[in-house]
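Visitor: I am new to this structure and would like to be guided through it. Could we look at it together first?

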Amino acid sequence: MKTLAVLHASQLVTLAGGARPRVGREMRELRIIENGGMLVRDEVIVATGTSDDIARAVPADAELIDAAGRVVLPGFVDAHAHPVFAGNRVDEFEMRVLGASYEEIAAAGGGIRSTVRKTRAATEAELEQQALKHLQRFVACGTTTVEAKSGYGLSVEDELKILRVIRSIAARTPLEIVPTFLGAHAVPEEFEGDLQRYAALVINEMLPLVAVEGLAEYCDIFCERGYFDVATARRILEAAKSRGLALRMHVDQLTNSGGAALASELGAATADHLEQTEAEGIAALKRANVQPVLLPGSVYALGKTRYPRARDMIDAGLAVVLATDFNPGSSPTPSIPMVLSLAATQMKMSPAEAVTSATLNAACSLHRGDKIGSLEPGKLANFSIFDCEDYRELAYYFGIPQTHTVYVRGVEVFRA
Ligand SMILES: [Zn+2]
(Lines give C-alpha, C1' and ligand atoms only; values in the text may rest on other atoms or scores of the structure.)
Protein backbone atom coordinates (compact mmCIF):
# COMPACT_ATOMS: atom_id res chain seq x y z
CA MET A 1 0.00 0.00 0.00
CA LYS A 2 1.48 3.33 -1.06
CA THR A 3 1.24 6.27 1.33
CA LEU A 4 1.82 9.87 0.43
CA ALA A 5 2.05 12.81 2.83
CA VAL A 6 1.73 16.43 1.80
CA LEU A 7 3.29 18.73 4.41
CA HIS A 8 3.84 22.45 4.99
CA ALA A 9 1.07 23.93 2.81
CA SER A 10 0.69 27.62 3.65
CA GLN A 11 -3.01 26.99 3.03
CA LEU A 12 -4.63 23.61 2.45
CA VAL A 13 -7.87 24.73 0.77
CA THR A 14 -10.15 21.80 1.60
CA LEU A 15 -13.77 22.84 0.86
CA ALA A 16 -14.62 20.04 3.29
CA GLY A 17 -18.20 19.57 4.41
CA GLY A 18 -19.93 16.92 2.38
CA ALA A 19 -20.69 15.99 -1.20
CA ARG A 20 -23.17 18.71 -1.99
CA PRO A 21 -22.89 21.96 -3.92
CA ARG A 22 -22.36 25.16 -1.94
CA VAL A 23 -24.80 28.07 -2.27
CA GLY A 24 -25.11 31.63 -0.99
CA ARG A 25 -22.77 32.55 1.88
CA GLU A 26 -21.38 29.00 2.00
CA MET A 27 -19.60 29.66 -1.30
CA ARG A 28 -17.12 31.80 0.67
CA GLU A 29 -16.32 29.08 3.22
CA LEU A 30 -13.30 27.27 1.85
CA ARG A 31 -12.42 25.50 5.14
CA ILE A 32 -8.76 26.42 4.83
CA ILE A 33 -6.18 24.73 7.09
CA GLU A 34 -3.22 27.06 7.66
CA ASN A 35 0.13 25.26 7.64
CA GLY A 36 -1.84 22.26 6.44
CA GLY A 37 -1.04 18.68 5.57
CA MET A 38 -2.73 15.71 4.01
CA LEU A 39 -2.28 11.95 4.07
CA VAL A 40 -3.07 9.86 0.99
CA ARG A 41 -3.25 6.07 0.82
CA ASP A 42 -3.24 4.61 -2.69
CA GLU A 43 -5.46 7.00 -4.62
CA VAL A 44 -7.56 8.31 -1.77
CA ILE A 45 -7.24 11.02 0.88
CA VAL A 46 -7.33 9.48 4.36
CA ALA A 47 -6.66 12.52 6.55
CA THR A 48 -6.20 16.27 6.48
CA GLY A 49 -5.02 18.46 9.34
CA THR A 50 -2.21 20.72 10.40
CA SER A 51 1.14 19.80 8.96
CA ASP A 52 2.36 18.90 12.47
CA ASP A 53 -0.54 16.52 13.09
CA ILE A 54 -0.11 14.85 9.71
CA ALA A 55 3.67 14.57 10.20
CA ARG A 56 3.09 12.62 13.44
CA ALA A 57 0.87 10.11 11.61
CA VAL A 58 3.18 9.50 8.64
CA PRO A 59 4.44 5.91 8.32
CA ALA A 60 8.20 5.48 7.81
CA ASP A 61 7.89 4.31 4.20
CA ALA A 62 5.64 7.17 3.06
CA GLU A 63 6.56 9.41 0.16
CA LEU A 64 6.82 13.02 1.37
CA ILE A 65 5.75 16.05 -0.64
CA ASP A 66 7.00 19.28 0.87
CA ALA A 67 4.66 22.04 -0.27
CA ALA A 68 7.20 24.46 1.26
CA GLY A 69 4.76 27.21 2.14
CA ARG A 70 2.77 27.03 -1.09
CA VAL A 71 -1.01 26.79 -1.52
CA VAL A 72 -2.66 23.40 -2.08
CA LEU A 73 -6.08 23.26 -3.76
CA PRO A 74 -8.37 20.53 -5.07
CA GLY A 75 -7.70 19.92 -8.78
CA PHE A 76 -9.88 22.23 -10.85
CA VAL A 77 -12.93 20.63 -12.46
CA ASP A 78 -13.68 22.17 -15.86
CA ALA A 79 -17.35 21.35 -16.44
CA HIS A 80 -17.71 22.86 -19.93
CA ALA A 81 -15.15 22.37 -22.71
CA HIS A 82 -14.89 21.50 -26.39
CA PRO A 83 -11.34 20.09 -26.59
CA VAL A 84 -11.65 17.89 -29.71
CA PHE A 85 -11.43 19.77 -33.03
CA ALA A 86 -9.02 20.26 -35.92
CA GLY A 87 -7.14 23.46 -36.73
CA ASN A 88 -7.87 26.78 -35.09
CA ARG A 89 -9.69 30.03 -35.91
CA VAL A 90 -6.86 32.51 -35.60
CA ASP A 91 -7.68 34.12 -39.01
CA GLU A 92 -11.22 34.80 -37.85
CA PHE A 93 -9.90 36.14 -34.54
CA GLU A 94 -7.86 38.75 -36.41
CA MET A 95 -10.81 39.67 -38.67
CA ARG A 96 -13.05 40.11 -35.63
CA VAL A 97 -10.67 42.32 -33.69
CA LEU A 98 -10.32 44.49 -36.81
CA GLY A 99 -14.09 44.93 -36.91
CA ALA A 100 -15.44 42.28 -39.31
CA SER A 101 -19.07 41.33 -38.71
CA TYR A 102 -20.33 37.81 -38.09
CA GLU A 103 -21.69 37.74 -41.67
CA GLU A 104 -18.38 38.87 -43.16
CA ILE A 105 -16.54 36.18 -41.21
CA ALA A 106 -19.02 33.53 -42.36
CA ALA A 107 -18.72 34.72 -45.99
CA ALA A 108 -14.93 34.35 -45.71
CA GLY A 109 -15.41 30.70 -44.69
CA GLY A 110 -15.04 31.29 -40.94
CA GLY A 111 -17.26 30.41 -38.01
CA ILE A 112 -18.16 27.03 -36.57
CA ARG A 113 -18.61 25.54 -40.04
CA SER A 114 -14.91 26.05 -40.79
CA THR A 115 -14.02 23.95 -37.72
CA VAL A 116 -16.59 21.34 -38.82
CA ARG A 117 -14.99 21.11 -42.29
CA LYS A 118 -11.50 20.62 -40.84
CA THR A 119 -12.68 18.19 -38.15
CA ARG A 120 -14.53 16.04 -40.68
CA ALA A 121 -11.38 15.89 -42.83
CA ALA A 122 -9.15 14.89 -39.90
CA THR A 123 -8.39 11.30 -38.92
CA GLU A 124 -9.01 10.00 -35.42
CA ALA A 125 -5.25 9.90 -34.86
CA GLU A 126 -4.86 13.55 -35.87
CA LEU A 127 -7.72 14.64 -33.62
CA GLU A 128 -6.28 12.64 -30.73
CA GLN A 129 -2.89 14.20 -31.12
CA GLN A 130 -4.26 17.74 -31.16
CA ALA A 131 -6.63 17.10 -28.24
CA LEU A 132 -3.87 15.59 -26.10
CA LYS A 133 -1.79 18.71 -26.68
CA HIS A 134 -4.71 20.88 -25.50
CA LEU A 135 -5.30 18.66 -22.47
CA GLN A 136 -1.66 19.00 -21.42
CA ARG A 137 -2.34 22.75 -21.18
CA PHE A 138 -5.38 22.15 -18.96
CA VAL A 139 -3.19 20.13 -16.60
CA ALA A 140 -0.56 22.86 -16.63
CA CYS A 141 -3.22 25.25 -15.30
CA GLY A 142 -4.08 22.95 -12.38
CA THR A 143 -7.11 21.19 -13.87
CA THR A 144 -7.61 17.48 -13.20
CA THR A 145 -11.09 16.81 -14.65
CA VAL A 146 -12.44 18.04 -18.00
CA GLU A 147 -15.88 17.65 -19.49
CA ALA A 148 -15.48 17.10 -23.26
CA LYS A 149 -18.19 17.74 -25.82
CA SER A 150 -18.49 16.52 -29.40
CA GLY A 151 -20.21 18.91 -31.80
CA TYR A 152 -17.75 19.64 -34.62
CA GLY A 153 -18.78 16.60 -36.67
CA LEU A 154 -22.53 17.15 -37.18
CA SER A 155 -22.94 13.91 -39.15
CA VAL A 156 -23.55 10.43 -37.76
CA GLU A 157 -20.09 9.24 -38.73
CA ASP A 158 -18.20 12.35 -37.58
CA GLU A 159 -20.01 12.80 -34.25
CA LEU A 160 -19.24 9.16 -33.42
CA LYS A 161 -15.65 9.68 -34.55
CA ILE A 162 -15.25 12.59 -32.09
CA LEU A 163 -16.86 10.67 -29.23
CA ARG A 164 -14.52 7.72 -29.87
CA VAL A 165 -11.59 10.13 -29.85
CA ILE A 166 -12.83 11.45 -26.49
CA ARG A 167 -12.96 7.88 -25.19
CA SER A 168 -9.50 7.05 -26.45
CA ILE A 169 -7.87 10.24 -25.12
CA ALA A 170 -9.48 9.53 -21.77
CA ALA A 171 -7.33 6.41 -21.60
CA ARG A 172 -4.18 8.29 -22.65
CA THR A 173 -4.31 11.39 -20.44
CA PRO A 174 -3.96 11.49 -16.66
CA LEU A 175 -7.00 13.81 -16.58
CA GLU A 176 -10.45 12.43 -15.95
CA ILE A 177 -12.63 13.10 -19.01
CA VAL A 178 -16.44 13.30 -18.87
CA PRO A 179 -17.98 12.78 -22.34
CA THR A 180 -20.93 14.82 -23.64
CA PHE A 181 -22.76 14.40 -26.95
CA LEU A 182 -23.39 17.75 -28.67
CA GLY A 183 -24.72 16.70 -32.08
CA ALA A 184 -27.13 19.65 -31.87
CA HIS A 185 -24.35 22.25 -31.78
CA ALA A 186 -25.30 23.80 -35.14
CA VAL A 187 -27.14 22.83 -38.31
CA PRO A 188 -24.51 21.65 -40.83
CA GLU A 189 -24.21 23.19 -44.31
CA GLU A 190 -25.88 20.27 -46.08
CA PHE A 191 -29.01 20.72 -43.90
CA GLU A 192 -29.17 24.52 -44.35
CA GLY A 193 -32.75 25.72 -43.95
CA ASP A 194 -34.00 22.31 -42.81
CA LEU A 195 -33.69 22.27 -39.04
CA GLN A 196 -36.34 19.58 -38.59
CA ARG A 197 -34.64 17.12 -40.92
CA TYR A 198 -31.37 17.59 -39.01
CA ALA A 199 -33.14 17.23 -35.64
CA ALA A 200 -34.60 13.94 -36.92
CA LEU A 201 -31.08 12.74 -37.78
CA VAL A 202 -29.90 13.57 -34.25
CA ILE A 203 -32.89 11.86 -32.62
CA ASN A 204 -33.27 8.80 -34.85
CA GLU A 205 -29.72 8.00 -35.87
CA MET A 206 -27.12 9.68 -33.68
CA LEU A 207 -28.65 9.29 -30.22
CA PRO A 208 -29.38 5.54 -30.50
CA LEU A 209 -25.77 4.83 -31.54
CA VAL A 210 -24.32 7.08 -28.84
CA ALA A 211 -26.43 5.28 -26.23
CA VAL A 212 -25.71 1.75 -27.49
CA GLU A 213 -21.94 2.34 -27.54
CA GLY A 214 -22.08 4.13 -24.17
CA LEU A 215 -20.12 7.03 -25.65
CA ALA A 216 -21.58 9.86 -23.57
CA GLU A 217 -22.89 10.59 -20.07
CA TYR A 218 -24.57 13.85 -21.07
CA CYS A 219 -26.43 15.32 -24.03
CA ASP A 220 -26.01 19.04 -24.71
CA ILE A 221 -27.61 21.41 -27.22
CA PHE A 222 -27.14 24.97 -28.48
CA CYS A 223 -30.58 26.37 -27.66
CA GLU A 224 -30.79 29.75 -29.33
CA ARG A 225 -32.95 31.71 -31.71
CA GLY A 226 -31.79 30.82 -35.23
CA TYR A 227 -30.07 27.59 -34.05
CA PHE A 228 -32.17 25.12 -32.05
CA ASP A 229 -35.35 26.80 -30.86
CA VAL A 230 -37.02 25.79 -27.60
CA ALA A 231 -39.54 23.40 -29.19
CA THR A 232 -36.90 21.54 -31.21
CA ALA A 233 -34.49 21.50 -28.28
CA ARG A 234 -37.22 19.99 -26.09
CA ARG A 235 -37.76 17.12 -28.55
CA ILE A 236 -34.05 16.34 -28.87
CA LEU A 237 -33.41 16.50 -25.13
CA GLU A 238 -36.44 14.39 -24.25
CA ALA A 239 -35.17 11.76 -26.67
CA ALA A 240 -31.73 11.93 -25.03
CA LYS A 241 -33.25 11.59 -21.58
CA SER A 242 -35.25 8.54 -22.63
CA ARG A 243 -31.96 6.94 -23.71
CA GLY A 244 -30.46 7.45 -20.27
CA LEU A 245 -28.39 10.57 -20.90
CA ALA A 246 -28.40 13.44 -18.40
CA LEU A 247 -28.70 16.95 -19.78
CA ARG A 248 -26.56 20.07 -20.07
CA MET A 249 -27.59 23.02 -22.26
CA HIS A 250 -26.08 26.10 -23.95
CA VAL A 251 -28.75 28.74 -23.28
CA ASP A 252 -29.34 32.49 -23.42
CA GLN A 253 -25.88 33.25 -24.83
CA LEU A 254 -26.95 35.64 -27.59
CA THR A 255 -30.61 36.31 -26.78
CA ASN A 256 -32.89 35.71 -23.81
CA SER A 257 -34.85 33.02 -25.65
CA GLY A 258 -36.39 30.80 -23.00
CA GLY A 259 -33.55 28.31 -22.66
CA ALA A 260 -33.25 28.66 -18.88
CA ALA A 261 -36.93 27.86 -18.47
CA LEU A 262 -36.54 24.79 -20.68
CA ALA A 263 -33.53 23.59 -18.64
CA SER A 264 -35.69 23.88 -15.54
CA GLU A 265 -38.66 22.09 -17.14
CA LEU A 266 -36.47 19.16 -18.24
CA GLY A 267 -34.50 18.93 -14.99
CA ALA A 268 -31.18 19.50 -16.72
CA ALA A 269 -28.03 19.17 -14.62
CA THR A 270 -26.80 22.51 -15.90
CA ALA A 271 -27.75 25.56 -17.94
CA ASP A 272 -24.61 27.09 -19.41
CA HIS A 273 -23.67 30.61 -20.65
CA LEU A 274 -26.70 32.65 -19.41
CA GLU A 275 -25.22 35.99 -20.50
CA GLN A 276 -28.71 37.29 -21.36
CA THR A 277 -30.66 35.57 -18.57
CA GLU A 278 -32.85 37.91 -16.49
CA ALA A 279 -34.63 37.51 -13.16
CA GLU A 280 -37.35 35.15 -14.42
CA GLY A 281 -34.73 32.78 -15.88
CA ILE A 282 -32.81 32.81 -12.60
CA ALA A 283 -36.00 32.00 -10.72
CA ALA A 284 -36.74 29.12 -13.11
CA LEU A 285 -33.28 27.61 -12.53
CA LYS A 286 -33.76 27.88 -8.79
CA ARG A 287 -37.12 26.10 -8.91
CA ALA A 288 -35.53 22.98 -10.43
CA ASN A 289 -32.08 23.36 -8.78
CA VAL A 290 -30.38 23.55 -12.18
CA GLN A 291 -26.73 24.61 -11.78
CA PRO A 292 -25.69 27.64 -13.83
CA VAL A 293 -22.34 27.20 -15.60
CA LEU A 294 -20.82 30.63 -16.27
CA LEU A 295 -18.23 31.04 -19.04
CA PRO A 296 -16.66 34.50 -18.77
CA GLY A 297 -13.76 33.49 -21.05
CA SER A 298 -16.08 33.50 -24.05
CA VAL A 299 -17.47 36.97 -23.25
CA TYR A 300 -13.91 38.26 -22.89
CA ALA A 301 -12.50 36.60 -26.00
CA LEU A 302 -15.38 37.85 -28.16
CA GLY A 303 -14.66 41.37 -26.93
CA LYS A 304 -18.11 41.69 -25.40
CA THR A 305 -19.04 43.35 -22.14
CA ARG A 306 -22.25 41.67 -20.99
CA TYR A 307 -21.26 39.04 -18.44
CA PRO A 308 -23.79 36.75 -16.72
CA ARG A 309 -25.44 38.10 -13.56
CA ALA A 310 -23.38 36.02 -11.16
CA ARG A 311 -24.20 38.09 -8.05
CA ASP A 312 -27.94 37.78 -8.64
CA MET A 313 -27.53 34.04 -9.14
CA ILE A 314 -25.56 33.65 -5.90
CA ASP A 315 -28.11 35.80 -4.05
CA ALA A 316 -30.88 33.58 -5.43
CA GLY A 317 -29.17 30.51 -3.92
CA LEU A 318 -27.97 28.92 -7.16
CA ALA A 319 -24.95 26.59 -6.99
CA VAL A 320 -22.86 28.54 -9.50
CA VAL A 321 -20.20 26.78 -11.59
CA LEU A 322 -17.34 28.42 -13.53
CA ALA A 323 -15.75 26.78 -16.58
CA THR A 324 -13.50 27.70 -19.51
CA ASP A 325 -15.74 26.83 -22.50
CA PHE A 326 -12.41 25.97 -24.20
CA ASN A 327 -13.13 25.99 -27.96
CA PRO A 328 -11.47 27.36 -31.11
CA GLY A 329 -14.05 30.05 -31.87
CA SER A 330 -15.16 31.95 -28.80
CA SER A 331 -12.97 30.88 -25.87
CA PRO A 332 -9.51 29.56 -26.69
CA THR A 333 -8.33 29.29 -23.09
CA PRO A 334 -7.85 26.13 -21.01
CA SER A 335 -6.99 28.25 -17.94
CA ILE A 336 -9.26 28.13 -14.90
CA PRO A 337 -7.01 30.69 -13.11
CA MET A 338 -7.79 33.13 -15.97
CA VAL A 339 -11.49 32.38 -15.45
CA LEU A 340 -11.10 33.05 -11.71
CA SER A 341 -9.64 36.45 -12.57
CA LEU A 342 -12.51 37.28 -14.95
CA ALA A 343 -15.08 36.08 -12.42
CA ALA A 344 -13.63 38.46 -9.84
CA THR A 345 -13.04 41.54 -11.98
CA GLN A 346 -15.99 41.28 -14.38
CA MET A 347 -18.69 39.46 -12.40
CA LYS A 348 -17.79 40.64 -8.87
CA MET A 349 -17.44 37.16 -7.45
CA SER A 350 -15.11 36.93 -4.48
CA PRO A 351 -12.00 34.78 -5.04
CA ALA A 352 -13.46 32.22 -2.61
CA GLU A 353 -16.77 32.05 -4.47
CA ALA A 354 -14.86 31.61 -7.72
CA VAL A 355 -12.73 28.76 -6.31
CA THR A 356 -15.85 26.98 -5.00
CA SER A 357 -17.44 27.34 -8.44
CA ALA A 358 -14.49 25.76 -10.25
CA THR A 359 -13.98 22.87 -7.82
CA LEU A 360 -16.73 21.42 -5.63
CA ASN A 361 -19.72 22.98 -7.40
CA ALA A 362 -18.32 21.95 -10.78
CA ALA A 363 -17.79 18.39 -9.52
CA CYS A 364 -21.40 18.24 -8.30
CA SER A 365 -22.63 19.44 -11.70
CA LEU A 366 -20.91 16.39 -13.23
CA HIS A 367 -22.43 14.06 -10.61
CA ARG A 368 -18.99 13.51 -9.10
CA GLY A 369 -19.36 15.48 -5.86
CA ASP A 370 -18.72 12.32 -3.85
CA LYS A 371 -15.33 11.66 -5.49
CA ILE A 372 -13.67 14.96 -6.40
CA GLY A 373 -13.87 18.73 -5.89
CA SER A 374 -12.68 18.94 -2.27
CA LEU A 375 -9.80 17.67 -0.15
CA GLU A 376 -11.26 15.48 2.59
CA PRO A 377 -11.12 11.83 3.64
CA GLY A 378 -12.69 9.50 1.09
CA LYS A 379 -12.09 11.73 -1.92
CA LEU A 380 -9.61 11.03 -4.71
CA ALA A 381 -6.21 12.65 -4.19
CA ASN A 382 -6.56 15.10 -7.09
CA PHE A 383 -4.77 18.28 -6.05
CA SER A 384 -2.56 21.08 -7.30
CA ILE A 385 0.20 23.02 -5.59
CA PHE A 386 0.49 26.65 -6.65
CA ASP A 387 3.50 28.88 -6.25
CA CYS A 388 1.78 31.39 -3.98
CA GLU A 389 1.04 31.73 -0.27
CA ASP A 390 -2.59 32.80 -0.45
CA TYR A 391 -5.26 31.25 -2.72
CA ARG A 392 -6.50 34.75 -3.65
CA GLU A 393 -3.30 35.29 -5.61
CA LEU A 394 -4.68 32.91 -8.26
CA ALA A 395 -7.38 35.43 -9.22
CA TYR A 396 -5.19 38.46 -8.50
CA TYR A 397 -2.14 37.81 -10.66
CA PHE A 398 -3.33 37.12 -14.17
CA GLY A 399 -1.65 36.10 -17.39
CA ILE A 400 1.12 34.17 -15.64
CA PRO A 401 1.17 30.49 -14.70
CA GLN A 402 1.44 29.85 -10.97
CA THR A 403 1.12 26.06 -11.10
CA HIS A 404 3.92 24.25 -9.28
CA THR A 405 2.84 20.59 -9.40
CA VAL A 406 -0.38 18.69 -10.15
CA TYR A 407 -1.41 15.27 -8.80
CA VAL A 408 -4.17 12.95 -10.01
CA ARG A 409 -5.05 9.98 -7.79
CA GLY A 410 -1.91 10.64 -5.80
CA VAL A 411 0.40 10.54 -8.84
CA GLU A 412 2.36 13.56 -10.05
CA VAL A 413 1.19 14.44 -13.58
CA PHE A 414 2.70 17.91 -14.02
CA ARG A 415 5.67 19.84 -12.69
CA ALA A 416 6.53 23.40 -13.75
ZN1 LIG B 1 -19.71 25.72 -25.17
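Predicted model: local features only at pLDDT ≥ 70, side-chain atom pairs only at ≥ 80, totals over all residues.

Guide: Residues are numbered from 1 along each chain as its sequence is written, and side-chain values use heavy atoms, with hydrogens and water left out.

Visitor: Which strands are the edge strands of the open sheet of eight strands?

Guide: Strands here are DSSP runs of E with at least two residues, and helices are runs of H or I with at least four, both numbered from the N terminus. Two strands pair if DSSP finds at least two bridges between them, and the eight strands follow the order E6-E7-E8-E9-E10-E11-E12-E13 with parallel pairing. Those that pair on one side only are the edge strands, namely E6 (76–78) and E13 (321–322).

Visitor: In E13, which residue is the bridge partner of Leu294?

Guide: Strand E12 covers residues 291–294 and is joined to E13 by two bridges, the two strands running parallel. In E13, the bridge partner of Leu294 is Leu322.

Visitor: Which residues are the protein donors of the zinc ion?

Guide: Donors are N, O and S atoms within 2.8 Å of the metal (3.2 Å for Na, K and Ca), and because water is not among the atoms, sites may look incomplete. The protein donors of the zinc ion lie 2.1 to 2.4 Å from it, and they are His80 (NE2), His82 (NE2), His250 (NE2) and Asp325 (OD).

Visitor: How many residues apart in sequence are the parts that His82 and His250 tie together?

Guide: Both residues count as buried, meaning under 20% relative accessible area with a 1.4 Å probe and protein chains only (exposed is over 50%, partly exposed in between); His82 is at 2% and His250 at 3%. His82 lies in the loop between E6 and helix H2 (90–97), whereas His250 is in strand E10, so the parts that this pair ties together are apart in sequence by 168 residues.

Visitor: How many disulfides does a search of the whole structure find?

Guide: A disulfide is a pair of cysteine sulfur atoms within 2.5 Å. The sulfur of Cys219 is 12 Å from the closest cysteine sulfur, in Cys223, which is too far for a bond, and that of Cys388 is 14 Å from its closest, in Cys141, again too far. Across the whole structure, the number of disulfides found is zero.
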